Amino acid sequence: MKTALAFAALATLPCAPLAALPPPADAPPIAVKAARLLDVKSGRYVDRAVVVVRGEVIEAVGTEVPAGARVIDLGDRTLLPGLIDTHTHVLLQGDATQAEYEEQILKEYPAHRVARAVRALKIALEHGFTGMRDLETEGASYDDVALRDAVNEKVIPGPRLQVAGPALSTTGTYPILHFRPDWKFPVGVQTCDGADGCRRAVREQLSYGTDWVKVYANTGGLHTTPDGYIDSPPNWTREELAAVVSEAHARGSKVAAHATSDTGARIAVEAGVDSIEHGDSIRPELAREMARKGIFLSPTLTVTTYVAEPRAKEGRRIWAEIPKSHARSIANCRRAGVRIAFGTDAGGFPWTEINQAREFEHEVRVGMSPLEAVRSATTVAAELLGLGGKIGVVEKGAWADLVAVPGDPLKDVAVLSRVDFVMKAGEVVRAPVP
Ligand SMILES: [Zn+2]
């Protein structure tokens with residue numbers, strides 16, 4: 001299990017001087033106490049909960065403080081598993097308009113992009129996100145691989161990461177586009193064409209240490225259909241996309257497909273990708289097919305809401321129509337039993353302006369129950385990442401990733417934007433000010 005290794009490798013990497021020393025085997029356990037713990041699997045609260053942590057792992061969950069334990073008393077708070085965002089871009093700092101995107105891709109120095117990504121990782125962790133799947137670097141090469149490894153080595157603070165490197169798309173389908181043709185401009189993806197060329201691209205990408213392959217199933221030419229959904233031409237032939245998916249799967253990797261149109265989602269589902277990103281246009285029949293094939297949806301409602309107005313204002317009016325089709329598509333997926341994993345597209349909106357936990361409120365706004373929303377960012381997200389039982393749960397044997405909020409998230413998910421205690425791998429990242 002390659003990705004599990006990437007997450008778990010911190011203890012064995014040759015970087016000991018920078019890493020905190022592991023606690024000695026006889027170190028006292030930590031007992032984290034709070035008024036209640038949300039058991040996300042059953043949806044029930046455990047009152048006066050005590051979570052016992054030894055090293056990086058949860059040793060016990062109950063109501064007793066073991067003798068000799070170091071106690072962290074969080075008072076009248078709710079404990080939950082560390083949160084997981086399955087769609088982010090730490091190397092991007094908001095691209096609501098084309099100009100904002102071009103500024104970052106064409107002008108920003110790579111080291112400056114990395115510096116801002118380091119800040120994004122710290123922000124995410126302090127907001128309670130102890131796990132993230134970062135889905136493409138937007139012209140920043142494999143810097144996400146390096147950031148993931150730096151987090152694992154404890155050089156910088158950040159969530160556990162699974163990364164994708166540059167996304168894949170076909171020639172002429174992804175910006176930078178339409179600049180003078182006699183000059184060469186960078187493109188925000190790696191382009192590949194033809195089944196053989198795309199197999200080669202997947203092999204090359206995985207050789208650099210990525211965990212996921214991301215493809216743009218569709219991009220340009222978005223338009224509304226007579227029945228109120230969104231369509232566009234496909235970016236790929238069937239053969240190309242099938243080659244990407246089979247090559248990635250053969251090497252133990254998974255595929256995430258950006259799919260914002262009916263055609264985009266259809267070709268991605270047919271090719272057998274593992275997750276549909278955004279999913280702005282999924283009719284009931286396709287939702288049933290996704291459920292049958294076990295394909296997840298990562299909806300990213302925060303970004304859909306954030307970019308609608310600025311993009312419509314710069315002349316791309318379709319973006320003002322997308323939120324309606326998006327909400328319908330999510331309802332179709334819920335009805336069909338598609339597993340919905342919390343995803344925000346943070347980086348598509350600035351890390352410094354919006355807490356990615358706002359997605360919980362959007363999820364509830366489109367019809368999900370508060371418990372479904374919490375599960376999307378814990379148990380369901382963990383399954384998508386192949387780490388069910390290790391993250392997204394507070395139970396014996398799971399990694400000690402915990403957050404606490406003042407208030408009751410099942411009454412009001414907005415409290416999840418007010419995380420004030422974060423523990424990752426048994427280390428306290430953030431504690432409430434007394
Ligand atoms: Zn994205």
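How many bridges join strand 2 to strand 3, and do the two run parallel or antiparallel?

Mentor: The model is a predicted one. Five bridges join strand 2 to strand 3, residues 57-62, and the two run antiparallel. Within this pairing, arginine 54 has valine 57 of strand 3 opposite it. The two strands make a hairpin with two residues between them.

A parallel arrangement is found in the open sheet of three strands, ordered 6-7-8. Strand 6 (83-88) and strand 8 (160-163) each have a single partner strand, so one side of each lacks a neighbour in the sheet. From one strand to the next the twist averages 15 degrees. Four bridges make up the parallel pairing of strand 6 with strand 7, residues 129-134. One of the residues involved is aspartate 85, whose bridge partner in strand 7 is methionine 132.

Helix 4, residues 143-152, packs on this sheet and touches strand 7 and strand 8. Its direction makes about 160 degrees with that of strand 8. Seven of the 10 residues of helix 4 are buried, so the helix is largely enclosed by the rest of the structure. The buried residues include Asp143, Asp144 and Arg148 as well as Val145, Leu147 and Val151. After helix 4 comes lysine 154, with a positive phi near 65 degrees.

The axes of helix 9 (residues 301-313) and helix 10 (residues 318-336) come within 7 Å and cross at roughly 155 degrees. Angles over 145 degrees count as roughly antiparallel, and helix 9 and helix 10 are therefore roughly antiparallel to each other. Helix 9 contributes Leu301, Thr304, Thr305, Val307, Ala308, Arg311 and Ala312 to the contact, while helix 10 contributes Trp319, Ala320, Ile322, Pro323 and His326. By class, the residues of this contact are eight nonpolar, three polar and one charged.

How values were computed
Residues numbered from 1 in each chain as written. Predicted model: local features only at pLDDT ≥ 70, side-chain atom pairs only at ≥ 80, totals over all residues. Pairing = 2+ DSSP bridges. Axes fitted to C-alpha atoms, helices over the stretch in contact; angles between N-to-C directions. Contact = placed C-beta atoms within 7 Å. Parallel < 35°, antiparallel > 145°, perpendicular 65-115°, else oblique. Nonpolar A, V, L, I, M, F, W, Y, C, P; charged D, E, K, R; others polar. Buried ≥ 20, exposed ≤ 12 C-beta atoms within 10 Å, placed from the backbone.
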